[in-house]
Amino acid sequence: MHSTEPGLTHYLQVLRRGWWIIVLTVALTTSVAVYASKRQSALYNSSADVFLSAQNLAASVSNIQAPSTDPVRDGATQADLARTPAVAQRALRLARVQGRSAASLLSNSSVSPAANADILTFSVTDQSPQIAERLAGAYATAYTQYRRKLDTASIVNARRQIRVQLVKLKAAGEQRGAVYASLFEKDQQLQTLQALQGSNALLVRSASGAVQTQPKPTRNGALAAMLGLVLGVGLVFLRDALNTRVRTAGEVLSRLDLPQLGRIPEPPRRLRSGNGIVMLTDPLSPAAEPFRILATNLDFVNLERNARTIMFTSATHGEGKSTTVANLAVALARGGRRVILADLDVRKPSLDRLFDLGERPGITTVVLGHASLDDVLVPIPLLDPGATNDPTGNGSVRGMAQVLPVGPLPPNPAEFVGSHALGALLAELEQRADLVLIDTPPILDLSDAMTLSARVDGLVVVTRLPVAKRAMLAELHRVLATAPTMKLGVVLTGTTTGDTYGYGYGYGVSESSRQTQETRV
């Protein structure tokens with residue numbers, strides 16, 4: 001069975017149909033990106049690196065094990081510490097750049113810790129490459145100074161308190177005492193420790209030069225092209241998802257899981273306002289060839305199945321079901337088959353109009369017992385092309401089709417198509433003909449077609465390609481799966497000339513035209 005899920009072929013077809021959307025989207029996004037890039041002001045970026053040391057000199061001197069720290073957390077903490085206004089203000093003073101504020105520097109710079117190293121990278125962006133370089137170097141230096149101040153703050157505070165005590169002892173005349181000597185010795189130790197402590201942040205790479213970060217029209221254009229490609233593909237598939245109309249015959253066949261019996265193009269303009277039976281009016285014209293092909297294909301499909309009564313239905317009204325079955329009946333009759341065409345669309349019959357039968361008794365009359373089958377069957381003589389309707393019938397009739405109209409419409413169509421009397425009538429029709437073709441109502445709109453499917457040997461679906469919708473085909477597939485009769489195939493109507501079989505049209509000329517061509521030669 002064919003899968004109704006879209007496959008790779010479907011996706012490729014969607015992309016092929018929407019190639020112009022992809023090209024247009026890529027061109028538009030690329031053009032906008034390049035244009036916007038060229039209108040940007042030039043910006044330059046410079047950077048410097050600072051090494052983060054984890055030494056704890058006080059703990060080492062005191063023989064105390066330093067507490068363990070998370071390097072990732074510590075790096076993020078130091079990066080946040082470097083983003084304080086105090087560090088930015090110090091950097092501006094070191095760089096001697098006028099007219100800039102700490103907030104301005106912070107908004108045009110970044111500090112990022114390395115992923116696998118104890119390194120902080122200070123980056124500054126500016127319209128001047130020289131100023132970007134100066135600010136990047138000054139920013140990194142300002143952070144090392146700020147960090148040194150933080151790292152020695154506790155030692156400085158301890159020395160300050162000791163000196164206060166020393167001053168008090170000296171004022172009391174106790175500078176020669178043991179307390180004074182002890183405090184003085186501790187101050188000397190702290191002074192040495194302060195000198196050794198230094199800073200846990202060291203400048204390891206100063207800013208040297210600046211690189212231009214914008215505009216970069218080539219890079220931005222390439223990125224925009226890739227973005228446009230993704231966006232264009234997305235738009236194409238979104239358009240396909242929103243457009244539920246089926247575009248190809250292959251999709252119809254796949255979704256219905258049925259073979260194709262024929263493709264019927266739009267009828268000639270001169271037939272659209274008439275009865276539409278081209279097999280009667282011009283059987284050798286190119287417009288009649290698809291119906292002959294349909295008749296042949298139906299014979300092949302029915303070769304082993306031997307279906308005698310075949311109903312023709314569709315998903316909804318207006319799909320060319322009645323016109324198709326009428327032309328098919330005439331094509332089969334011209335081929336020497338005994339064909340009865342019965343109209344069982346008891347709600348909106350069409351065969352009386354197509355064959356210009358007028359109001360006359362039909363199936364309902366026979367079922368009610370008001371007439372016999374012989375009284376209501378209408379013979380349709382099939383004349384040779386170019387022959388006149390000779391009343392004697394000598395040499396002018398090629399074949400004979402019989403049409404059985406509906407007759408007066410019943411008040412309860414659903415009850416009528418399910419009656420035993422109608423079943424008996426269909427059985428009698430089967431005995432009188434090689435094939436009984438039945439025009440039935442659309443199978444999705446009404447229950448009549450489903451009821452009739454239990455009384456026939458086979459079923460053919462007529463689908464008009466320009467109006468077919470995916471949801472409609474899905475529902476049609478579901479309903480057909482429950483129909484108790486054989487599903488013989490699908491006839492596609494409303495196709496374009498390019499969708500037809502591509503052969504046979506060169507032979508659709510009349511005898512008079514052929515003689516004229518031979519005379520010219």
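Figure 1. The model is predicted: local features require pLDDT of at least 70 and side-chain atom pairs pLDDT 80 or more, whereas totals for chains, interfaces and linings use all residues. Residues are numbered from 1 along each chain as its sequence is written, and side-chain values use heavy atoms, with hydrogens and water left out. The structure holds 3 aromatic pairs; rings of Phe, Tyr and Trp (its six-membered ring) pair if their centres lie within 6.5 Å, with planes under 30 degrees apart counted as stacked, over 60 as edge-to-face and the rest as tilted. F122 and Y139 form an edge-to-face pair, at 5.0 Å centre to centre and 75° between the planes. Because F122 lies in strand β3 (residues 119-126) and Y139 in helix α7, this pair ties together parts that are 17 residues apart in sequence. Both F122 and Y139 are buried. The rings of F122 and Y143 have centres 5.5 Å apart and planes at 40°, so this pair is tilted; F122 in strand β3 and Y143 in helix α7 are 21 residues apart. F122, Y139 and Y143 form one aromatic cluster.

**Figure 2. Crossing of helices α4 and α7.** The axes of α4 (residues 71-82) and α7 (residues 129-151) come within 10 Å and cross at roughly 110°. Helix α4 is therefore roughly perpendicular to α7, a class that covers 65 to 115 degrees, with angles under 35 roughly parallel, over 145 roughly antiparallel and the rest oblique. Q78, L81 and A82 of α4 meet Y139, Y143, Y146, R147 and L150 of α7, contact meaning heavy atoms within 4.5 Å. The residues of this contact divide into 6 nonpolar, 1 polar and 1 charged.

**Figure 3. Helix α10 and its packing partners.** Helix α10 (residues 217-242) has 26 residues, which at 1.5 Å a residue should span 38 Å; its end C-alpha atoms are 35 Å apart, in agreement. The buried residues of α10 are N220, G221, A224, G228, G232, V236 and D240. These buried residues pack against α1 (8-17), α2 (19-38) and α22 (470-482).

**Figure 4. Surroundings of K321.** K321 lies in helix α15 (residues 321-334). With 8% relative accessibility, K321 counts as buried. Leaving aside residues up to four places away in sequence, K321 touches F312, T313, S314, D345, D439, T440, P441, P442 and V462.

Key
Helix = DSSP H or I, 4+ residues; strand = E, 2+ residues; numbered from the N terminus. Buried < 20%, exposed > 50% of the residue type's maximum accessible area, 1.4 Å probe, protein only. Expected span 1.5 Å × (residues − 1). Axes fitted to C-alpha atoms, helices over the stretch in contact; angles between N-to-C directions. Nonpolar A, V, L, I, M, F, W, Y, C, P; charged D, E, K, R; others polar.
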